[in-house]
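Hello,

Here is the structure I promised to pass on. My notes on the ligand site and the backbone follow below it.

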Amino acid sequence: MRTSNLIQPRSSVPRPSVASARGCYMYDTDGRRYLDGCSSAIVANIGHSVPEVVAAITRQADAVTFAYRTQFTNHPAEELARRLAALAPDDLDEVFFVNSGSEATEAAARLAWEYWRSRNRPEKRWIITRHLSYHGMTLGALSMSGHSGRRRSCEGLLHEFPAVPPAYCYRCPLGLERASCGLACAEEWERSLSRLGAANVAAVVVEPVVGASGGALPAPDGYLTKLRELCDRHEVLLVFDEVMTGLGRTGRWFGGDVEGVTPDMIVLGKGMSAGYTPMAAVIARTPIMQAVAEASDVAQFGHTYSANPLSAATCLAVLDYLEDHDLVSAAHERGTVLRADLERLAFHHEIIGDVRGRGLLLGIELVADRATRRRFPPEVQVADRLVQAAFERGLLVYPAALPEGGDSVLIAPPLTISPTEVDHLLLMLGQALGDVERAVSIAAPEPAGMHLSPLTNCEVNDA
Ligand SMILES: Cc1ncc(COP(=O)(O)O)c(C=O)c1O
């Protein structure tokens, strides 16, 4: 018997229906409460149903909800572009709006191609990405993504994008140790460029912290700087996909700010609208748009809803809230505390092999044996088990499990989370970890107060 006409993410797994949400909590129609420990999909950065944002939406809806971008410009979109340009480093001053992170990463790829065509370098076409990466679900963005799980169903349809090994220090794909590796993974870009011929490469695309496919893998110190130097030397554009990291999540406005590296383009999504509307953006350096505009004054991409006034006004209210409550600093401070808490939790749960991330984009990697870092067999689906166990206890966390990338779970609550809510999160996460450990026959949780050996490779990042 059909119970729904809505295509579900997993037809065999029924989900409760959400009734309301406020702050860090969500409520289903049966009255159950869930602590949003992952900002839903690392989106709800300022928490749910913030009255100031709801009021801004109502005000704008009362004035004008839609105006088509070839017929009118509009004040909220102009103002949002101005504010983002002011926040972005250097001359990243040209902003284009789309509706999703996937469209934004594709827009960045197209802009890179257009840029090189406008400079009479049409042979510069390749875009290099990384084996562990996620840039979106539309065919172009998925082609760029190293997320095997999400690629599987459309393998035959995807375009070829060369990829390099990720900077994955816990399981270095080059078999090196962080202390002595000399950032050899950054050199892999050089190798890929010479194999393809740098004259044929338009851009490289990286997430400053790999999210959905890596479980919060931060670029090691110096990596982004090296990449910038390499791109300059070889005349290749550098694109930071900051859909997950952008606008405060990592404790800085942009994930790339950690090294003060200015890319040629920044892609934003998720946290820009914080879940209040579907909106994303690509921000490009002025010389890129100048070159493109000199070749043609028609921007060759865009969607019906690009730069619509209702979404733009919503994002402006989100930006105001971020600034008024200093939530970027809060992400840094609360992230430092939560990270230390997760490391403490690892003393009691052998299943946690690694704790990592930046700001409030944190991840734990789950292992069958901490000493050897042995993974669970994929059929155990241990990250999914943890997500489910947490859900049953009333906590939302986000899976990032890949055969190549291990079993990780993202812990990324709203930047507004309070110390009491953090305690609540840790309590439920600890209980859920215990549930999973018992289910997969890992040692039962240590009694409180007993310390297991500390993590061996808990990379300390500049949070
Ligand atoms: C880094 C990154 N880029 C792009 C995307 C795609 O964004 P969207 O799902 O809004 O299309 C995501 C989504 O998780 C992401 O994390």
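Which polar backbone atom lies 2.9 Å from an oxygen atom of the ligand? That atom belongs to Gly 101. Before more of this, a word on the basis: this is a predicted model, in which local features need pLDDT of at least 70 and side-chain atom pairs count only at pLDDT 80 or more, while totals for chains, interfaces and linings use all residues. Residues are numbered from 1 along each chain as its sequence is written, and side-chain values use heavy atoms, with hydrogens and water left out.

A polar side-chain atom of Asp 241 is 2.7 Å from a nitrogen atom of the ligand, and a polar backbone atom of Tyr 134 is 3.3 Å from a ligand nitrogen. The protein buries 85% of the 390 Å² that the ligand exposes when taken alone (Shrake-Rupley method, 1.4 Å probe).

The residues around the ligand (a heavy atom within 4 Å) include Ser 100, His 135, Glu 207 and Lys 270. By class, this shell has three nonpolar, five polar and three charged residues, with Gly counted as polar and Tyr as nonpolar.

Now the backbone. Most residues other than glycine have a negative phi. Ser 40, in helix H1 (residues 39-42), has a positive phi of about 70°. Helices here are DSSP runs of H or I with at least four residues. Ala 307, in the loop between helix H9 (286-295) and helix H10 (309-324), has a phi near 60°. Ser 40 is partly exposed at 32% relative accessible area, while Ala 307 is buried at 18% (buried is under 20%, exposed over 50%, partly exposed in between; 1.4 Å probe, protein chains only).

Best wishes

Terms used
Helices (H or I, at least four residues) and strands (E, at least two) are DSSP runs, numbered from the N terminus. A polar contact is a pair of N or O atoms within 3.5 Å; within protein, one must be able to donate a hydrogen and the other to accept it, and residues adjacent in sequence count only if both atoms are side-chain atoms.
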